[in-house]
Each structure stands twice: as structure tokens, then as C-alpha cells.
Amino acid sequence: MKTVRLLVGIAALISVFAGTAVVGVAPASGVRTYLTVIYGNSYPELGITYFTSEGADVVSVEVESGDNGRIIFRDPNAAAMSLIDDQPGTACTLDDAVTISCAKSVVDGNNPPSLRRVHNVSVVSWGGDDVIASAGFGMVMGSTYTPITVTLSGWEDADTLTATGGRSRLIGGTGDDRLVSGPGTPNFRDSLDGGEGNDTIDSVTGSPDLDGVYCRTGTDHVVKDTGDILYDTASCESVTTP
């Protein structure tokens, strides 16, 4: 059975990336393990990261509009999900068997308590040919100008990363990836980074927002708007501007 676990707090994030055991999390069973971590950015900001499995996954994240809008992760391949909270006041819920949603802010357990707003949301995939998508134009709570930044990271294998709405960062990693950036928030530049492999990068949006493109290694094909910026032009073997 596939499981999803939710960890809250910066200590959990540090433990995960340091490769040490996280208290309260059982060892993974089977080849598919999901892990979601809420972590701190520059205090009191918050970020949310969703880790997928080692297999081929189809995952989406939606950042809804309005201060009461939710940040919704959907994973239709998950047979079961569970939540483990290590910080009081966490505003995340298991909505159904394949959906976790979180509020855009949480009051922490400090004395006195602090209101911590979500500024960054990420989906990180491991192995497998993953399809990851983001949508929504949700702003940081209390702001009418600053969008929540969504990062989609492909890491290994041939992944398809698609972002529509808001401010986004797409990172292909290794493998022959496809990165697509749709209309975003004006005055905030989206980033598309192909990484290693022979990648296809599409930053054509037809909207006022401009994108920044990194091709990196491999034989890469880019389709871009006129105003989009190629940061490593020599690494982009084919460039088309409609």
C-alpha cells in the first residue's frame, strides 16, 4: 500500500535532507513512498514541499485565490494517505484518499504565537517518468501583489512539468524532460531549467509575464516568447520564437 505522510516544522525538513531519521515516521514499505513536509523559510515565512514516490507519478498542486483559499495536492495514484503533525496548529487536512490541502497560514506554538504565512510551495519527484502540474493565481495571505511561488522539480528520468498561473519555477533535473510554462503573474518572472538531458522547453504564454530559460547540458529545443530570456544561449541547440 502506498502511503503519504505529512511532517510540519523546519526540524523535520532539516532531518529529511540531512539523511537522518525523522521522529514519528515509520520506515518506508514497498517501492512507493510519499512524504509531504511543511518547513520554514526565513522566519516567520512558511513553505510546503510534497515529495512523490520512486515510481511514475501524476501529481497536481493548485493554489487557490483569496486568503481563505487552500493549497491543494492531488495524487490519484495514492492508495492511502496519512498525516503526521509535529507542530501544533497545522492547518492541513486529508480531504479524501488522494487529496491533502493546507491553509495559507498557521499560528505556531511559540509564546507569544506568530502568524506564519506560506510563501513557497514545491513538488519534488524522485524516480519514474512523472507528470506534475500546478495551477492557480493564489497570493501570499494578506497580499494583493505577491504570488505564492510554486516550484516543480523533476529530478530523475523523463518528466513533464507544467505550470499555469501564479509564479513558477520548473526544474527538469536528469532525463529528457518537457517543461511548459503558461500565463503567470505580470512583473514576476517564471523560471524554466532543463537540467541534464535532451529537453523540450516551452515558455510561450502570450501574456505580459516574462520567463527565464536555462537549457544546461544535452540537446535542447526551446520555444519562447520574444521577451523571454535565455541565460545560457550556447546550450540551447534549437530556439524558436512564434
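This is a predicted model: local features need pLDDT of at least 70, side-chain atom pairs count only at pLDDT 80 or more; totals for chains, interfaces and linings use all residues.
**Entry 1: V61 and its surroundings**

Leaving aside neighbours within four places in sequence, I found V61 in contact with I71, I72, F73, V121, V123, A133, S134, A135, V150 and L152. I then checked the largest nonpolar core, which has 31 residues. V61 is one of the residues that touch the most other members of that core, together with I71, F73, V121, V123 and L152. The elements that give two or more residues to this core are β3 (46-51), β4, β5, β7, β9 (115-124), β11 (149-153) and β12 (160-164).

**Entry 2: Strand pairing around β5**

**Entry 3: Strand β10**

I went back to β4 and looked for parallel pairing. β4 and β10 pair in the parallel sense over five bridges, and S60 has A133 of β10 as its bridge partner. β10 is also joined to β12 by five bridges, and these two strands run parallel. In that pairing A133 stands opposite T162 of β12.

**Entry 4: S125**

I placed S125 in the loop between β9 and β10 (131-135). Is S125 buried or exposed? Its relative accessibility is 0%, so S125 counts as buried; the cut-off for buried is under 20% relative accessible area.

What does the side chain of S125 reach? It comes to the backbone oxygen of G154 at 2.8 Å. The side chain of S125 also makes a polar contact with the side chain of D130, at 3.0 Å. Not counting residues up to four places away in sequence, I listed T52, D130, I132, S153, G154, W155 and D159 as the residues that S125 touches.

**Entry 5: Two positive phi angles**

W155, one of the residues touched by S125, is found in the loop between β11 and β12. I noted a positive phi of about 55° for W155, although W155 is not a glycine. Most residues other than glycine have a negative phi. I then found D157 in the loop between β11 and β12. D157 has a positive phi too, of about 65°, and is not a glycine.

I looked up accessibility for both. W155 counts as partly exposed because its relative accessibility is 43%. D157 has a relative accessible area of 34%, so D157 is partly exposed.

**Entry 6: The disulfide**

How many disulfides does the structure hold? I found one. C215 and C236 form it, with their sulfur atoms 2.0 Å apart. The link of C215 and C236 is right-handed, with 105° about the S-S bond. The pair links distant parts of the chain, 21 residues apart. C215 sits in the loop between β17 (211-214) and β18 (221-223), and C236 sits in the loop between β19 (229-230) and β20 (238-240). I checked burial as well: both C215 and C236 are buried.

**Entry 7: Whole chain**

The chain has one helix and 20 strands. Of its 242 residues, 48% are buried. Among the contacts in the chain with a separation of 6 or more, 42% come from residues 24 or more positions apart. The chain exposes about 10500 Å², and carbon and sulfur atoms supply 57% of it.

Conventions. Residues are numbered from 1 along each chain as its sequence is written. Side-chain values use heavy atoms; hydrogens and water are left out. A disulfide is a pair of cysteine sulfur atoms within 2.5 Å. Helices (H or I, at least four residues) and strands (E, at least two) are DSSP runs, numbered from the N terminus. Buried means under 20% relative accessible area, exposed over 50%, partly exposed in between (1.4 Å probe, protein chains only). A nonpolar core is a set of buried Ala, Val, Leu, Ile, Met, Phe, Trp, Tyr and Cys residues joined through side-chain atoms within 4.5 Å. Contact means heavy atoms within 4.5 Å. Accessible areas come from the Shrake-Rupley method with a 1.4 Å probe; for residues, only the protein chains shown count as cover. A polar contact is a pair of N or O atoms within 3.5 Å; within protein, one must be able to donate a hydrogen and the other to accept it, and residues adjacent in sequence count only if both atoms are side-chain atoms. Two strands pair if DSSP finds at least two bridges between them.
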